[in-house]
Amino acid sequence: MGKLILIVDDSAAVRQQVGMALGQAGFETVEAGDGREGASAVAKNPNIAMVISDVNMPNMNGLEMVSEIKKNPSNRALPILMLTTEGQPALIKQAKEAGAVGWIVKPFNASQLVATVKKLTA
Amino acid sequence: MVNLKRYLVLPSEVTAFEHNYLTRLNKIALYFFYAHIPIFMLVAWAADTGPLFALILSIAVLIGPTIAQFTFQSERAKSMVYGFTAMAMGALLVHFGQGPVQIEMHFYFFALLAMLCMFANPAVNLVAAVTVAVHHLLFWWLLPSSVFNYDASIWVVAVHAAFVVLETVAACFISRRFFDDVIGLEKIVRARTREVHLILNNIGQGFMTVDLHGTMSDERSTIVSSWFGESGDATTFQEYVSKVDAGVGEWFELGLESLRDGFLPTEVSIDQLPKRINLNGSILELSYKPINDASGALEKLLIIISDITSEIEREQAEVQQKQLMHIFENIMRDKLGFLQFLAEADDMIEAVAGQKYADLPHLKRIIHTIKGNAGLFGMASIASLCHELEDEIVLESRAPEQERLTTLKNEWKTTCAKLDHLLGERSGENIEINDADYKDVVRALLNRDDPDKIAEMIQSWKLETAQRRLEFIKQQAESLATRMGKQHIEVKVESNNLRLESAKWASFWSSFTHILRNSIDHGIESQEEREQMGKSGPGSIHIETYVDKDEFVIAVEDDGRGVDWQSIADKAIEAKLPHATEADLVNALFKDGISTKKVVTLFSGRGVGMGAVHEECAKRGGQIELKSQAGKGTAFMFRFPLDKSIYQPAPRLEASAA
């Protein structure tokens, strides 16, 4: 069974795109529609091997979610990759300071995303 | 002969390296020759040729080179003086070494001749050879005891000379190679560097390398500073580029950080680095090549900066020209339809750019309609801009930035401006009548029919013939099928001679194209599929307008695979819409966001079009009926209350006769 990846994005279309790309590469995916759902999914499911998250989301944005997840020391090693649109370098910096491992600009290249997820979950 | 001279005489340029080398070597040579004096005195004492005389003579010989050493400017000239001095010292040794070992003392000439190669100058070897030859001949003749310890004849001198010539040839060769390959290496490197620079600085691309902290190497194409200005205090690329675009600098810094972290695959991190810089109207493209160290670890990045402004301008010009051709074809085909499209699209674009839309789905719907119609009329650039905007709305779930909407408006205005001369005056109102209309009126006049009825007839001419509209839709459908890569589709239309008020019906027809698109893209099967289903001939679409009692009906029917109700039901469930009855599903089908198509193309699949049709229909108080039979086809009927905007001619005599 493939590793479990959590996809957090308020756009169902993006979740579907990411899910399809990862699914074809043999990963299992779960989805969350905003930061709050994402953080609680991580809290509930210890099998999640990696989180891919949008930055701008309603309720709880990606930055807050990263901080929330990283509050728990057992999540310190959990890689969180930000998927974002160009034009907000300051947010990326904050996300990295909060504990995100890196970022990829949307619209993303599926094979690059898969390569990244493979490397981060290896 | 010329070649020989070129080989023996060094090129005039003296590099810094050669100068330093010769300065040192000449100094050593002087010390070396002064060190001979005590040796010669010792030899003279042993051979009983007078040590004091040896001292005086040696010093006398060394006066010349000493003066040369301190007065000559050219190090090469000093070297040549040492070529002469070496042979003079050889002669002194042979002279003071008179006695049984005098012949052996001649070895020293050959040793010195070889040592002179250190000067890396064939001229030095030649000076020495000539010196020793002249000396031997002269002394053999004038003072034989200084050269030979026996009564040697001329052929002995000739044997000595032969050995000198042999050694000199080889020595010149070695000196020259030593000069070219070692002493002149700097010159070679410089020449190559100059060539490389010549290439680098003349290809319109800028190159530079940076390390993983962005620190730039000194070597970089001069064109870079013509774009970004002198680098000044900036030592890193991010500082440098920030002078022209701070955002690019920030992204670059972030990208480097990602590379240094090494968490993401290198090519992924590199792909996140900024790719474009807009510079006072120029567009510069940045691309990056990783440079690895010996162990294969990423060490540096080669940054290649290209000015792609003209390339992009050319592409845009080409696209625009192609687009104009397409638009022109469409105008030729149906000027009226095209004018209507322009008027509608103009309104829609104004609404979008002026933010006059109700909510996000509404905005998306408007953009989608513009995209569809612009595509149909060959306005590829508008269609692709709308496609991008639509993507953005889907991805971001918010309205695109005003700037992007303004770009759409500007592109639209530019395109329209180019069209004006093709169209003449856009608002010209011509009345179109066909032969039948004309005959009807003439007949009514001759029959002295009711003048009100005749007036109504003539007034109806202001209305657009439905036939013309349907013919146009037929062309749209056929060209759409071609552009979507489908096989030929047979489109049959029947207007029943109705006329419609174009202003009232324009936006409905405009949304109507979604029905066609759905039919062509989703409904009608591929040729193979049709054959398997036992359907003969190409797929067909039948479109008809007619009046049924007090209703105006537009009916569309295709003979495709029918609606995939299961798929609609699934989507309805996903969108949390009612899905129990067929009516529920029909409703769901006309809701935005429901599409059974998996791939979103420029033509259809976003599930927006049907919503637009529904909206246009509802606006006119109309209702939609849908009949679909799996494998047999789909039929839509749009029913509208009859009103003044629809004119139905009286049944014609010819028609009843036929």
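**Entry 1: a helix in chain B.** I started with helix α5 of chain B, residues 75-96, which holds both Glu75(B) and Lys78(B). The two are three residues apart, about one turn of the helix. I checked their side chains and found a salt bridge, with the closest N and O atoms 2.9 Å apart. I keep in mind that this is a predicted model. A search of the whole structure gave me 34 salt bridges over all chains.

**Entry 2: salt bridges between the chains.** How many salt bridges link chain B and chain A? I counted three. For one pair I noted the partners: Lys93(A) meets Glu250(B), at 3.8 Å from N to O.

**Entry 3: which parts of chain B touch chain A.** Three helices of chain B each give at least two residues to the side that touches chain A: α13 (246-261), α14 (266-271) and α18 (380-396). The largest share, seven residues, comes from α13(B). Sorting that side of chain B by class, I wrote down eight nonpolar, five polar and seven charged residues.

**Entry 4: the extent of the interface.** I found 20 residues of chain B in contact with 27 residues of chain A. Together the two chains bury about 2100 Å², and 61% of this lies on carbon and sulfur atoms. Which three residues of chain B supply more of its buried area than any other three? They are Trp251(B), Leu254(B) and Leu395(B), with 32% of what chain B buries against chain A.

**Entry 5: a sheet in chain B.** Last, I traced an open sheet of three strands in chain B, ordered β6-β8-β13, with antiparallel pairing. Its edge strands are β6 (464-465) and β13 (646-647), each of which pairs on one side only. Strand β8(B), residues 499-500, is joined to β13(B) by two bridges. Here I saw Leu500(B) standing opposite Ile646(B) of β13(B).

How values were computed: Residues numbered from 1 in each chain as written. Chains lettered and ligands numbered in written order. Predicted model: local features only at pLDDT ≥ 70, side-chain atom pairs only at ≥ 80, totals over all residues. Heavy atoms only, no water. Contact = heavy atoms within 4.5 Å. Buried area = accessible area lost by both parts, 1.4 Å probe. Salt bridge = Lys/Arg side-chain N within 4 Å of Asp/Glu carboxyl O. Helix = DSSP H or I, 4+ residues; strand = E, 2+ residues; numbered from the N terminus. Nonpolar A, V, L, I, M, F, W, Y, C, P; charged D, E, K, R; others polar. Pairing = 2+ DSSP bridges.
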